[in-house]
Amino acid sequence: YHVGNEKSSAIKLLILFQEIIFNAVKYASYVPFPERRVEITLASQGNKLELKVINSFDSKVQAKTTGVGKVVIDNFARVLGCEPMVKTEDDAYSISLEFKNLWRKDV
């Protein structure tokens, strides 16, 4: 299996995944240990891939942030032809991205 194409999309995908997962772990770390959760799902559906990350967070805690993570996520998602869908419900934050399936089996 190969991930990506000739335009370094594998590296862009890796950077995007790394930033999303890092942010999920960072914000979940402010939640009391028994209530912490980070769920990561990567699903292939036909010619699309969907990455979904859900993490717990504490809305009362203001984490130190530079905002760079959001910029990185938005920029790399755009380069890969998708737009992050973000939801905040109760004590869970989720981000999902659907993009062209760059994970393919070469013959």
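Visitor: What should I know about the model and its numbering?
Guide: The model is predicted: local features need pLDDT of at least 70, side-chain atom pairs count only at pLDDT 80 or more, and totals for chains, interfaces and linings use all residues. Residues are numbered from 1 along each chain as its sequence is written, and side-chain values use heavy atoms, without hydrogens and water.

Visitor: What volume does the largest pocket have?
Guide: About 570 Å³. A pocket here is an open set of points on a 1 Å grid over the protein atoms alone, where a 1.4 Å probe fits, with protein on both sides within 12 Å along at least five of seven lines. The volume is the space filled by probe spheres set on the points, joined across faces, edges and corners.

Visitor: Which residues lie nearest its centre?
Guide: Asn23, Tyr27, Thr65, Lys70 and Tyr93, out of 28 lining residues. Lining means an atom within 4 Å of a point.

Visitor: Which helix gives the largest share of the lining?
Guide: Helix 1, with seven residues. Helices (H or I, at least four residues) and strands (E, at least two) are DSSP runs, numbered from the N terminus.

Visitor: Switching to strands. How do strand 2 and strand 3 pair?
Guide: Antiparallel, over eight bridges. Pairing needs at least two DSSP bridges between the strands. Thr41 stands opposite Lys52 in strand 3.

Visitor: What's in the turn?
Guide: Two residues separate the strands of this hairpin, and Gly46 in the turn has a positive phi of about 60°.

Visitor: How many bridges join strand 3 to strand 5?
Guide: Nine, also antiparallel. Leu51 has Leu97 as its bridge partner in strand 5.
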